[in-house]
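Here is a brief report on selected local features of one protein chain. Please keep the structure open while you read.

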Amino acid sequence: MTGPAKPRRRGPGRPRQDEAEEGPGTQERIRLAAREVFAERGYDKTSVRGIAKVAGVDPALVHHYFGSKEDLFAAAIEVSMEPALVVPAILGEGPDGIGERLARYFLGIWENPVTRAPLLAVLRSALTHEAAAKVLRGLVLRKVLERVAADLKVPDPTFRAELAASHMIGIAIVRYVVQVEPLASADPEAIVTLVAPTLQRYLTEE
């Protein structure tokens with residue numbers, strides 16, 4: 001007489017059937033938990049297990065949906081930047097005023113406390129961890145600025161995108177990380193007014 005069948009063992013990173021059926025809602029919960037944990041602890045001190053605990057899921061499920069810690073980091077930060085929505089909005093009205101729209105978008109996500117915290121985590125981590133720096137390059141440069149510059153069909157779009165990125169990341173470091181006055185407490189509109197013409201020149205002038 002045979003006993004009850006033993007449950008099938010899951011392979012590495014494979015969720016239980018009931019977990020897998022939770023689908024996109026579970027993925028979003030993990031992404032939001034990751035954003036919270038990375039913002040609080042930084043890249044180096046964050047673990048997949050810690051994120052899984054906050055999200056209320058098995059760590060294997062995190063690996064199943066997002067792969068590596070680096071991939072999860074990128075997904076968590078992308079929640080704040082929303083490049084798929086932002087790029088069309090920046091490009092939508094053509095080259096005129098694109099510098100202002102880009103400056104306003106960039107300062108907007110930094111001025112929002114919800115999106116600022118994870119971006120501070122990625123910026124601080126990028127200064128000391130190559131994995132975090134890679135995420136920052138991928139999101140700010142390749143997913144936003146290179147797409148913007150390429151659509152404008154100007155010479156050397158990648159170089160121009162890098163110049164724009166260096167300008168905005170420099171402002172972020174001085175204003176939000178190092179907090180040097182008077183830039184740290186300056187009115188965002190004043191910053192947009194002064195920065196927009198430079199971004200416009202980088203992205204549109206022949």
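## Helix packing

In this predicted model, helix α7 (residues 98-111) packs with α11 at an angle of about 130 degrees. Their axes lie 7 Å apart. The crossing of α7 and α11 is right-handed.

## The loop between α10 and α11

Helix α10 covers residues 157-177, and α11 covers 188-204. The loop between them holds Gln 179, Val 180 and Pro 182.

Gln 179 has a positive phi, near 60 degrees, and is not a glycine. Most residues other than glycine have a negative phi. Gln 179 is exposed, because its relative accessibility is 52% and the cut-off for exposed is over 50%.

A cis peptide bond runs from Glu 181 to Pro 182. Its omega is near 10 degrees. Most peptide bonds are trans.

## A nonpolar patch

Which residues make the nonpolar surface patch of about 210 Å²? They are Val 174, Val 178 and Val 180. Val 180 has 37% relative accessibility, so this residue counts as partly exposed. Val 180 belongs to the loop between α10 and α11.

Asp 156 sits in the loop between α9 (130-152) and α10. Asp 156 also has a positive phi, about 50 degrees, although it is not a glycine. Is Asp 156 buried or exposed? Asp 156 is exposed, because its relative accessible area is 53%.

Technical notes:
Residues are numbered from 1 along each chain as its sequence is written. This is a predicted model: local features need pLDDT of at least 70, side-chain atom pairs count only at pLDDT 80 or more; totals for chains, interfaces and linings use all residues. Side-chain values use heavy atoms; hydrogens and water are left out. Patches are made of residues with over 30% relative accessible area and no salt bridge: like charges are joined within 9 Å, nonpolar side chains (Val, Leu, Ile, Met, Phe, Trp, Tyr) within 5 Å. Accessible areas come from the Shrake-Rupley method with a 1.4 Å probe; for residues, only the protein chains shown count as cover. A salt bridge is a side-chain nitrogen of Lys or Arg within 4 Å of a carboxyl oxygen of Asp or Glu. Helices (H or I, at least four residues) and strands (E, at least two) are DSSP runs, numbered from the N terminus. Buried means under 20% relative accessible area, exposed over 50%, partly exposed in between (1.4 Å probe, protein chains only). Axes are lines fitted to C-alpha atoms, for helices over the stretch in contact, and angles run from 0 to 180 degrees between N-to-C directions. A crossing is left-handed if the near helix is turned anticlockwise from the far one by less than a right angle, and right-handed if clockwise.
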